[in-house]
Amino acid sequence: MTRSEGVSDELLRAVTVGLQSADASVRSQAESALEVMKSSPKQFAESILRNISTGVDPSSEQMLAVLLRQTLQVNAKDKSMVDLRPQLLIVLAQLSDRLSPAAYKGVLHAVCALIKRGCTWNELIPAILHLGSSSNSLQRLAALMILDKLAEFNFEIVSPHLNAITPILGEGLSGPHSTADTRQAAMRASISLLVSFPDDHATVLANAGLLPLLLQTIQACESETDLKSTLTNLIELVGYKAPLFERFIPQICMAMEAIMRSPQLDQNCRSMSLEVLVSLSNGRVNKQGVLGGASIELALELMASGIVSSSADETLSAEDIDEFASAGDALFRLCQSVGIDTVMKIAIPRLSSWISEGHMLPALHAAKKITEGCPERLAEKFGSCVWADFVSWSKIGLRRQEESIRVAALQLLSAMCMSASGKFQESAASHEIPSICVTMMSDPSPAVVEEACLCLASFCVIGEEWDREISERSLQALCSVLDSSPAPAVADAALTAISSLSEVLGEKFVQFYDRLMPALLALCASESQARGKAIECAGILGHSVGSHIFAKDAAGLTQLLLQLNLPSNHDDWPFVHQALARICQTMGAEFFSPFLPAIIPHLLSCTALDDGCSVEEVTDERPVDDVDGVDVVTLEVRGLGKRMITMNTFLMEQKSLACNMLFQYAHDLGPAFRPWAVKTAASLIPLINCRYNEQVRLAAAAALPPIVSALFPSNEAVECARQAYPNLISAIASEPELCNLMAVVEACADTIKALKNETIGIDLESKLCVALELLLAESAARRDERAASLHGGQCDDHEISRIDEENDVETEIQGHIVDVVSACAQSSRDLFLPVFQSTLERRVCSMLTRSLSELTSALCIFDDVIEHCSPKAAELYVVPMLPVFLEHASSTDSDVCQAAVYGLGVCAHVCSLYPSLRTLFSRDYMHHAYSTLRQVVHSIDLSKDEAFALSRDNAISSMGKMLVYQRALWSPAELPKAAAEWVSLLPVRNCPIESKVVHGLLLQVISLVPDFLKPHSPISSHLMFVIANVIADRLANDEVLGQLRSVWHQERLSGNNVVSAVLSQLTPEQRSLLQ
């Protein structure tokens, strides 16, 4: 090694000595000199390596190794550092005997730092093979640590050499010369390889003996520290590659069972072993989950052995409490992964025995976790003996002396309320609420009273009927709690219950309003810790009883809340602004608009808060320190290294609430929000792409449609939409969560619809359609992946339910995409057609042969393109799409049927508008289509299946379009007969849009066949009945209604007896409207 100019080896040795000096001035000089040396990183690193190689004292040697690692970490992307790699490998290969272990490991960490930076370093494989075969334990450790980092950051280099590397791993895991350090390094390297490699390579490696060796390593651990580290690694592997373990379930169950039942091991080890089994269960590689059959039972038994760690008197040690919580969490997750049937089969007998043995607390806690773990499936079993058992146990628990048991009993009742979707509340309210009220008024424990109030709130399900006696009793108990000067937590719980009760009762709460509102207003004006909940409760009460009752207090409450003038970091600030939004929603724009100048500017300022979110790499140069008011989380991200996530969650919540409130005001105020719309849009549009807070970006996206609507009609509305769409398009491409993606696409659709056929411009429509095409492609891929899982028999009932829910979300997304395409087609008309052809056409065509929901979306899109982008669109698509519409018009799926029959009407109408298109809709096609529509209408029995109501209305509408717009294709004898049959199907009421279309067509049919109005006409009586219903129930637009009224009055004045007969068939309200 030659000396590099600029960094003196002698000076470096002197600096390392100076850094260790007791003299502060000497240390200061050394630190200054060190900073100068660091400014030439390559020369500095070379000098370090020369000093290490030639030998220095042990303390300086260790310090030099640390400096080397830090230098390489910071400057690893400096291309000049590549020259140091041979020197580093020489140190590792030749100086392990002379260097201290700490110094050697320091150099090793420096090598790993270069690997983490993604450097291509092919010489490492020969080095690993050389070091791994050494008799020196430090060199074997070096081989394993380098292999670990290569597998994580550059596994392609390792892949061709697996056969040569596997023996090194085996020696490290269980060889005769293996040490604790090498075992842990071998474990980490093995897991890195299994996680990083593709599934087929990882499976070969696992089946070649690596997994059994890992399990042997677990059983051979001699210390709790080593065992915890090993289990941590194993949990990581299970999380990434659970299917690898399918062949080794008995071995892993045996190993985890031994740990669970070892009296020498602490609670953390037992919890971690349980976590391994639960994580495997969540892997679901077959219908029974990874554990399958008896292995599931073993996992539950191991979980159960952890849950019953309390004595009969329920006195729990701190360690028992931790184990209790982890076991409960395991039970919750097992319910989700293996299904509630399997869990209950094993758990319920065990819980019953715990009850009889006096172990109430674990039994109630476990029952609660079962209830929470799979609520939908448990709700399906409502009324079974399981529900009766749980209710019985909760009643027993409420009578026990131990506070913790009474709390657990109430928590179980609350969980049952949340799981049963109203069924439990309906059947149990009259039995359980009285005992809950007694508990609220008489129990000496504040914790129990608090839980009783929350339990009562759980019984409040919107839509459920509460009789006066239960309502009175509940309110009396809650008022009694508030009158007793309760602790803040108890008061909050009581106010929460009152809010829930008022929402259930709605306007029926009027009878209690005057009793409660004065006390709530007094609390709102106080400095009580319960003020926030009181403010929330007052707003909910006002909204429940309605504006006519709330009017006497609304202005006073609004002024009081504004006079509080709370800063955004005050605990009550969210309650204030949520209550103000409720007052606005209840009282309306005319009442609330004068208060907006005191509210909106403050909310806009909160949207600009810097929440301090960041994700940064953690290095030795940047230690992880907690900062007041800021949450800092450090994560080890595989393939990226250690990352520090920093966020101010309090500010994020403020920002999120401000965005949601602005959305609410824009939505509720409508045109009255216009003075604030432009400023609000300017604040919210950038937040659509808020990286770290999904609530912020979803609220910002949701606010755009009402903001645009408030600005419409004006150029500002179009400009606002144009400014927003680049952000919305970006959000479509980047939103990771499926449900959030649905909300973003919905915002896109609603924003375009808010423009009411004003275009956002072909340029943005084109970019939007490119994003939608990609979204449809990704959706199809996700559907195919789920279908493959179902067909492969890899899903249990819970997984099937999850897949169905995700497919439902995909369907919702596609529905919003249809709305976007429809709005673009309506606004840009034929200009949109080239955009559709170049972006969406091929994808939409492929959807015609996929799932029913995709077929529906494709049919709807072609409906809209043909209807709004013609004549060019009709020339392209009528001929190929007519057979498709005819094929699917008789579909047994209501949505497909509706889209197809609507398409037939569209083709009939569009082809009549342009002479060049009239030949596309031939007489044969028309009669075939009309006959198909007749069959559809007459086959639908709405008394048996209301799902086809819209399909029926659309089919009737399409029949009317063929009568009116394709009348030239009917013979003089055919038209009156077909028209009479069509009139006999009227009126239509299910679809408001089609109702107006159909009854508009009715006028034209009457003009085509005027004889229908003559008294001797067979259809005359029904026709007048239809006209009377359309007029009375306003089933047409104003213009059509005016003309139908003229027909009605004309027939009435002519003395037509049919009119009197029709009047006798109408309701009094309809007759009054007709007068």
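Let's start with two helices: H42 (residues 852-868) and H44 pack at an angle of about 15°, and their axes lie 9 Å apart. Angles under 35 degrees count as roughly parallel, so H42 and H44 are roughly parallel to each other. Keep in mind that this is a predicted model.

**H42 against H44**
- The two helices, H42 and H44, cross in a left-handed way.
- On the H42 side, the contact is made by Leu852, Leu855, Thr856, Leu859, Cys860, Asp863, Ile866 and Glu867.
- H44 brings Asp895, Val896, Ala899, Ala900, Tyr902, Gly903, Val906, Cys907 and Val910 to this contact.
- Sorted by class, the contact of H42 with H44 holds twelve nonpolar, two polar and three charged residues.

**H43 against H45**
- Helix H43 (residues 872-888) packs with helix H45 (residues 923-939) at an angle of about 25°, with axes 10 Å apart.
- H43 and H45 are therefore roughly parallel to each other too, and their crossing is left-handed.
- Leu882, Pro883 and Leu886 of H43 meet Tyr925, His928, Ala929 and Thr932 of H45.
- That contact of H43 with H45 has five nonpolar and two polar residues, but no charged ones.

**The nonpolar cores**
- The largest nonpolar core has 268 residues, and Tyr665 and Trp982 have the most contacts inside it.
- Helix H44 (residues 894-913) supplies the largest share of this core, with twelve residues.
- Leaving aside residues up to four places away in sequence, Trp982 touches Tyr930, Ile956, Met959, Gly960, Leu963, Val998, Leu1001, Leu1002 and Val1005.
- There's also a second, separate core of 98 residues, including Leu114, Leu194, Leu231 and Ile252.

Terms used: Residues numbered from 1 in each chain as written. Predicted model: local features only at pLDDT ≥ 70, side-chain atom pairs only at ≥ 80, totals over all residues. Heavy atoms only, no water. Core = buried A, V, L, I, M, F, W, Y, C linked by side-chain atoms within 4.5 Å. Buried < 20%, exposed > 50% of the residue type's maximum accessible area, 1.4 Å probe, protein only. Helix = DSSP H or I, 4+ residues; strand = E, 2+ residues; numbered from the N terminus. Contact = heavy atoms within 4.5 Å. Axes fitted to C-alpha atoms, helices over the stretch in contact; angles between N-to-C directions. Parallel < 35°, antiparallel > 145°, perpendicular 65-115°, else oblique. Left-handed = near helix turned anticlockwise from the far one by under 90°. Nonpolar A, V, L, I, M, F, W, Y, C, P; charged D, E, K, R; others polar.
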